[in-house]
Amino acid sequence: MLNTPIRSVQWSDTHITLLDQRLLPGKIEFLSLTTIEDVWDAIFQLKVRGAPAIGIAAAYGLALWTQQTQLANFDKFRSELEKQGAYLESSRPTAVNLFWAVKRILSVVEQASTVETAKKIILTEAKLIEKEDEGVCRSIGEYAIDLFQDEDILLTHCNAGGIATARYGTALAPFYIAKERGLNLKAYASETRPVLQGARLTAWELQQLGVDVTLITDNMVAHTIKSKGITAVIVGADRIAANGDTANKIGTYGLALIAKALGVPFYVAAPLSTIDIATSSGEEIEIEERHPDEVRTLNGQAITTPDMKVFNPAFDVTPSELITGIITEKGMIQGDYQTKLADLFK
Ligand code: MRU
């Protein structure tokens with residue numbers, strides 16, 4: 001077991017230190033990202049993944065560019081910074097935290113009038129984004145834990161854990177709080193084909209935490225909920241529309257339908273930075289499609305013919321009516337998501 005929590009993204013003065021999540025659980029290896037192109041590539045290739053962690057990486061990516069640029073003219077600096085922001089935004093389309101973090105960095109520049117000041121406040125803001133996320137995730141966990149009892153068994157999909165955030169995670173945050181309080185929450189993790197975030201990351205992360213975790217393949221979900229006394233399903237989110245429709249890892253929608261059919265509560269745990277009030281419903285959320293080889297292969301081994309036609313959406317949208325509650329750092333909201341989500345931003 002690991003004694004200290006792993007930080008997936010960290011600022012290290014001249015570079016970003018990044019946990020290479022592709023190598024887990026076999027190897028715990030940290031990369032040094034020294035250019036904004038490295039950051040783009042890390043997000044695109046899933047070296048860093050999970051909506052809040054992507055946002056933190058993007059904020060530090062802009063800070064990195066800022067520290068390195070030779071531009072001395074403030075207007076030129078600002079206009080180039082906007083271009084670099086748009087460049088990072090082109091790495092992955094679905095997780096809104098990426099766009100949220102870029103916007104937040106661009107907006108603090110408004111407070112500066114020289115390149116020197118802008119450099120300082122951008123780095124401060126990027127560090128603040130990371131620090132705040134830790135507190136936010138802890139609050140999510142504290143609200144979430146109140147929904148569960150000792151010995152409850154939760155099923156989760158993909159990885160919405162500490163390594164997908166600054167610390168604690170969103171859907172996995174109640175497991176961290178449970179440990180602190182001496183409660184024994186148990187978990188089932190679905191493997192999450194094609195990239196296996198559930199098997200490689202969630203099952204490993206919970207095992208490191210000392211949680212009683214059981215791994216299943218994605219097609220075992222209905223049978224497991226029915227036969228293993230699952231108390232609730234809890235997942236993270238990549239983007240929550242103004243009406244509560246939630247984009248999360250592919251398979252989440254099916255899981256929500258199954259939970260509904262079997263009468264098990266289905267919770268989404270996510271920070272306000274994942275709520276996109278400007279997007280009215282899930283219909284408007286762009287779903288990333290990834291390379292067909294992710295489906296054609298398993299751990300680098302071909303499982304079909306090389307030219308097999310493939311459909312590989314990375315996310316799906318769960319309609320809000322299937323969601324029992326959305327747990328944020330401000331508490332849980334239920335029912336009229338449209339009004340209650342809007343209220344959170346007032
Ligand atoms: O493709 P990924 O691994 O970035 O997808 C991640 C998810 O779907 C997570 O559930 C979501 O980002 C929430 S992470 C706290």
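Pro-194 sits in the loop that runs between β5 (186-190) and α7 (197-209). Keep in mind that this is a predicted model. The peptide bond joining Arg-193 to Pro-194 is cis, with omega at about 5°.

There's another cis bond to look at, this one between Leu-24 and Pro-25, where omega is about 0°. Pro-25 also belongs to a loop, the one between β2 (16-19) and β3 (30-33). You'll find Asp-13 in the loop between β1 (9-11) and β2. For context, most peptide bonds are trans, and most residues other than glycine have a negative phi.

Now for the ligand. Where does the ligand sit? It's in the largest cavity. How many residues surround the ligand? The count is 17, and the closest are Arg-49, Arg-92, Asp-238, Asn-248 and Lys-249. Sorted by class, that shell holds seven nonpolar, six polar and four charged residues.

Which domains does the shell draw on? Domain 1 (9-135) and domain 2 (138-344) each provide at least three of its residues. As for secondary structure, α2 (51-68) and β9 (246-249) each bring at least two residues to the shell.

| Side chain | Ligand atom | Distance |
|---|---|---|
| Gln-197 | oxygen | 2.8 Å |
| Asn-248 | oxygen | 2.6 Å |
| Lys-249 | oxygen | 2.7 Å |

On its own, the ligand has 420 Å² of accessible area, and the protein covers 100% of that.

A few of these pieces link up if you follow the numbering. Asn-248 and Lys-249 are listed among the closest shell residues, and β9, a strand that supplies at least two shell residues, spans 246-249. Gln-197 has a side-chain N or O atom 2.8 Å from a ligand oxygen, and α7 covers 197-209, with Pro-194 in the loop between β5 and that helix.

Methods: Residues numbered from 1 in each chain as written. Predicted model: local features only at pLDDT ≥ 70, side-chain atom pairs only at ≥ 80, totals over all residues. Heavy atoms only, no water. Near = heavy atom within 4 Å. Polar contact = N/O pair within 3.5 Å; in protein donor to acceptor, adjacent residues only side chain to side chain. Areas by Shrake-Rupley, 256 points an atom, 1.4 Å probe, with all protein chains shown as cover. 1 Å grid on protein atoms, 1.4 Å probe; cavity = no way out; pocket = protein on both sides within 12 Å on 5 of 7 lines; lining within 4 Å. Sits in = over half its atoms within 2 Å of the grid points. Helix = DSSP H or I, 4+ residues; strand = E, 2+ residues; numbered from the N terminus. Nonpolar A, V, L, I, M, F, W, Y, C, P; charged D, E, K, R; others polar. Domains from an automatic or database assignment.
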